Each structure stands twice: as structure tokens, then as C-alpha cells.
Amino acid sequence: PIYQIAAVKVASRNITGEFQSLVRPWDGTPSRKSAAKAAGVPLSVIEGAEDVDQVMVKFFDFVGDTVLISTGALGDQAKLLCRATRYAGRKCLPNELYDLLDFAAETDSKFDLENNNRTYLLESFGIVEGTDSLGKAKANIALYEALKNYGA
């Protein structure tokens, strides 16, 4: 389940805005306990977080119609975002999704097949990401820039 969501806006290679929110998981107490542990916060913080429908409205207000970039944009993240979008009262995810794993595979064959994963890309470019969703969003921007400049 989604228990944390974040995004950064970038213009001219500079971060121009940040969004981050905890989300109260919709599938019961065991998931909430797991989410609290993963987020490194007390269970009460997760229990007090907003429901996904409320958070997603704020998320879409922040991202607008911009392209969403991720290493899982065409896999599990897309499925979770689509489900969360429906909970927020929208029929489908309105944003274009751009998957960094596809971009990496198109950039160099060494980033394909068994090396087509987030961990390998982060290690290849020496990018350290934070442990929360905002840190991961910022790492996505660093990966995108590294791949764009790869071999240039």
C-alpha cells in the first residue's frame, strides 16, 4: 500500500518545489504498523495521517499536468498511483509517466537485462538516496540528469 508519497518539481535543473506526505494505509492495522516501521515513525503518526483520497488531491494540485518520472513508473508504482487516483475520485492517472529504467536501457546496453534496476543505477552513478519518499524523488532527478549526460 501507499504510505508515503513525494514529488519534486524541477525547472532548468533546479528543484523549484517539494511535496511530501504520509498516507494512512487503507488496508488495516497490520499495514499501518508496517508503514510506521518503514517510515520510522510511531504508529500514532501513521494513524493520524490523511487518507489516500485526501493526500492524492493535494498531490495532483502540486504536480499539475507535469510528467512523473520514476524507476517504477510502468510497474508497481503506476498500479498504486492509478488505484490511489481512483480513490481520489478521478477515473485515471492524468499525468504522463516516464520510466527511468526504460531510459537507462535505451542509453546503454550495460543498463539493460540483469542490470536494469534502481540499485544498479544508483551505484553506477554514485547517487545516494534518502530513506524517505522525498529522498527517493530527489534521487530520481539525479538519475535522470546522470542518464541524460551519460557519454556526453
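Isoleucine 69 lies in strand 3 (residues 68-70). Strands (E, at least two residues) and helices (H or I, at least four) are DSSP runs, numbered from the N terminus. With a relative accessible area of 25%, isoleucine 69 is partly exposed; buried means under 20% relative accessible area, exposed over 50%, and partly exposed in between (1.4 Å probe, protein chains only). Its neighbours within four places in sequence left aside, isoleucine 69 is in contact with Tyr98, Leu100, Asn140 and Tyr144, where contact means heavy atoms within 4.5 Å. The C-alpha atoms of isoleucine 69 and alanine 105 are separated by 15 Å, and the two residues stand 36 residues apart along the chain.

The structure is a predicted model, in which local features need pLDDT of at least 70 and side-chain atom pairs count only at pLDDT 80 or more, while totals for chains, interfaces and linings use all residues. Residues are numbered from 1 along each chain as its sequence is written, and side-chain values use heavy atoms, with hydrogens and water left out.

The protein as a whole comes next. It contains 7 helices and 4 strands, and from the N terminus on the elements run β-β-α-α-α-β-α-β-α-α-α. The radius of gyration of the protein is 16 Å, close to the 15 Å that the globule rule gives for 152 residues, so the protein is as compact as a globular protein of that length. This radius is taken over C-alpha atoms, and the globule rule is 2.2 Å times the number of residues to the power 0.38. Taken along the principal axes, the C-alpha atoms fill a box of roughly 45 × 30 × 30 Å. Of the 152 residues, 39% are buried. Among contacts with a separation of 6 or more, 59% are between residues 24 or more positions apart. The protein exposes about 8500 Å², of which carbon and sulfur atoms supply 50%; such areas come from the Shrake-Rupley method with a 1.4 Å probe, and for residues only the protein chains shown count as cover.

Two strands pair if DSSP finds at least two bridges between them. Glutamine 4 has leucine 22 in strand 2 as its bridge partner. The hairpin of these strands has 2 residues between them, and there serine 12 takes a positive phi near 50°. In a regular strand the side chains alternate between the two faces of the sheet. Serine 21 has its place in strand 2 and counts as buried at 15% relative accessibility. Not counting residues up to four places away in sequence, serine 21 touches Tyr3, Gln4, Ile5 and Val55.

After helix 1 comes glycine 40, whose phi is positive, near 70°.

Charged side chains form a further part of the picture. A salt bridge is a side-chain nitrogen of Lys or Arg within 4 Å of a carboxyl oxygen of Asp or Glu, and by this rule the count comes to 8 salt bridges. In one of them, the side chains of lysine 58 and glutamate 50 meet at 2.8 Å, N to O. Lysine 58 is partly exposed at 40% relative accessibility, and glutamate 50 is partly exposed at 28%.

Glutamate 129 forms a salt bridge with arginine 118, the closest N and O atoms being 2.6 Å apart. Glutamate 129 lies in the loop between helix 6 (118-125) and helix 7 (133-149) and arginine 118 in helix 6, so the pair ties together parts that are 11 residues apart in sequence. At 22% relative accessibility glutamate 129 counts as partly exposed, whereas arginine 118, at 17%, counts as buried. Lysine 136 also forms a salt bridge with glutamate 129, with the closest N and O atoms 3.8 Å apart. Lysine 136 is partly exposed, at 36% relative accessibility. Elsewhere, salt bridges that share partners join Arg13, Glu145 and Lys148 into one network.
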